[in-house]
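This briefing covers the nonpolar cores, the helix packing and the salt bridges of one model. The sequence and structure come first, and the points follow by topic.

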Amino acid sequence: MSANQPETAAPRRTGRRGPKARVRVLFDALEHLVGGFGTALLAFAALLWLAVIALAALVGLGLPLAPSALRVVRSIAERERARLSRWGPEIIGPVTPPPAHMRAALADPDDRRETRWLFAHGTLGLLLGITAVTLVVYAVQDVTFPLWWRWLPADEPNTPTVVSWTVHDDAGALGLALLGVVLGVLFAVLGSGMARLQARPGRRLLPPSGEVDLSLRVAQLSATRAAALDAHATELRRIERSLHDGTQNRLVAVTVLLGATRRALARDPSSA
């Protein structure tokens, strides 16, 4: 898997789409952004852990914790590889475990790329995920606000939106619903681009380098070919057994019938 492959399989920009296809693309973008939001939260937590280790290293306590940070980064990167592989071309991760020492990790190109992805996804990816979730939640809340705003406590200000908007009557509730429509349209326009932007660091940084990727592909194809040959040989043996056993049983049955016919002809040719 090289870095010049498509960044993400969804949502693609095509020519004209019908309403159903547009809604499907919109839900795909939301699903991608919410999934990316989950891995971005993990990446942000890993960044905090790296910061703790860096601060501890100033007093000589951070080096023993470095291997745990490397394992955490690899685990989160594998989750992101699996997530992106479900929506587009498969991303193969390193076959070797993360280094046990920080010096080896700094010399390993895969670990350096994973660390760069961690910073990008834990910041930009998290911001995009928060923005998408906020737009969708407030859009749904504001659009439906005229249906339930009267059940809110009367002694508290009703400002359920991203801006300062206090609702006192039905006209204010309808105005808030229009704001919700605007937020929904804003996500419909920006959602696909946000999903692609959120997935871009993973598509560029998480695949292995070219030589490693080629060797992994060769090994994968060799294993697939060997499995296909084994399955083919097993199927041939099954067919041979079925043909042998079935034909043999039928020949025995025919022989028995011929013997019974001969005996019947010898006893009573007319009834036979």
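In the largest nonpolar core, which has 13 residues, Trp117, Leu118 and Leu206 touch the most other members. A nonpolar core here is a set of buried Ala, Val, Leu, Ile, Met, Phe, Trp, Tyr and Cys residues joined through side-chain atoms within 4.5 Å; buried means under 20% relative accessible area, exposed over 50% and partly exposed in between, with a 1.4 Å probe and protein chains only. The model is predicted: local features need pLDDT of at least 70, side-chain atom pairs count only at pLDDT 80 or more, and totals for chains, interfaces and linings use all residues. Residues are numbered from 1 along each chain as its sequence is written, and side-chain values use heavy atoms, with hydrogens and water left out.

- Leu206 touches Ala77, Glu80, Arg81, Ile91, Ile92, Glu114, Trp117 and Pro201, not counting residues up to four places away in sequence; contact means heavy atoms within 4.5 Å.
- A second, separate core has 10 residues, among them Ala29, Ala132, Ala139 and Phe187.
- In soluble globular proteins, nonpolar side chains tend to be buried together.

**Overall make-up**

- The secondary structure comes to 6 helices and 0 strands, where helices (H or I, at least four residues) and strands (E, at least two) are DSSP runs numbered from the N terminus.
- Along the sequence the pattern reads α-α-α-α-α-α.
- Of the 272 residues in the protein, 32% are buried.
- Among contacts between residues at least 6 apart in sequence, 71% join residues at least 24 apart.

**Packing of α2 against α4**

- Helices α2 and α4 pack at an angle of about 75 degrees, and their axes are 10 Å apart; axes are lines fitted to C-alpha atoms, for helices over the stretch in contact, and angles run from 0 to 180 degrees between N-to-C directions.
- That angle makes α2 roughly perpendicular to α4, on a scale where under 35 degrees counts as roughly parallel, over 145 as roughly antiparallel, 65 to 115 as roughly perpendicular and the rest as oblique.
- On the α2 side, Val73, Arg74, Ile76, Ala77, Glu80, Arg81 and Arg83 meet Asp111, Glu114, Thr115, Trp117, Leu118 and His121 of α4.
- By class, the contact of α2 with α4 has 5 nonpolar, 2 polar and 6 charged residues; Ala, Val, Leu, Ile, Met, Phe, Trp, Tyr, Cys and Pro count as nonpolar, Asp, Glu, Lys and Arg as charged, and the others, Gly among them, as polar.

**Salt bridges**

- The count comes to 6 salt bridges, each defined as a side-chain nitrogen of Lys or Arg within 4 Å of a carboxyl oxygen of Asp or Glu.
- Arg74 forms a salt bridge with Asp111, with the closest N and O atoms 3.5 Å apart.
- Arg74 lies in α2 (residues 66-87) and Asp111 in α4 (residues 109-148), so this pair ties together parts that are 37 residues apart in sequence.
- Arg74 and Asp111 are both buried.
- Arg81 forms a salt bridge with Glu114, and here the closest N and O atoms are 2.9 Å apart.
- Because Arg81 lies in α2 and Glu114 in α4, the pair ties together parts that are 33 residues apart in sequence.
- Arg81 and Glu114 are buried.
- A network of salt bridges links Arg74, Glu78, Arg81, Asp111 and Glu114.
- Asp28 forms a salt bridge with Arg24, the closest N and O atoms lying 3.5 Å apart.
- Both Asp28 and Arg24 belong to helix α1 (residues 19-57) and are 4 residues apart, about one turn of the helix.
- Asp28 is buried at a relative accessible area of 18%, whereas Arg24 is exposed at 57% relative accessibility.

**Individual positions**

- Ala46 lies in helix α1 and is buried, with a relative accessible area of 4%.
- Leaving aside neighbours within four places in sequence, Ala46 is in contact with Val72, Ile76 and Leu118.
- Asp110 lies in helix α4 and counts as buried at 12% relative accessibility.
- Asp110 and Arg74 are 9.6 Å apart, C-alpha to C-alpha, and 36 residues apart in sequence.
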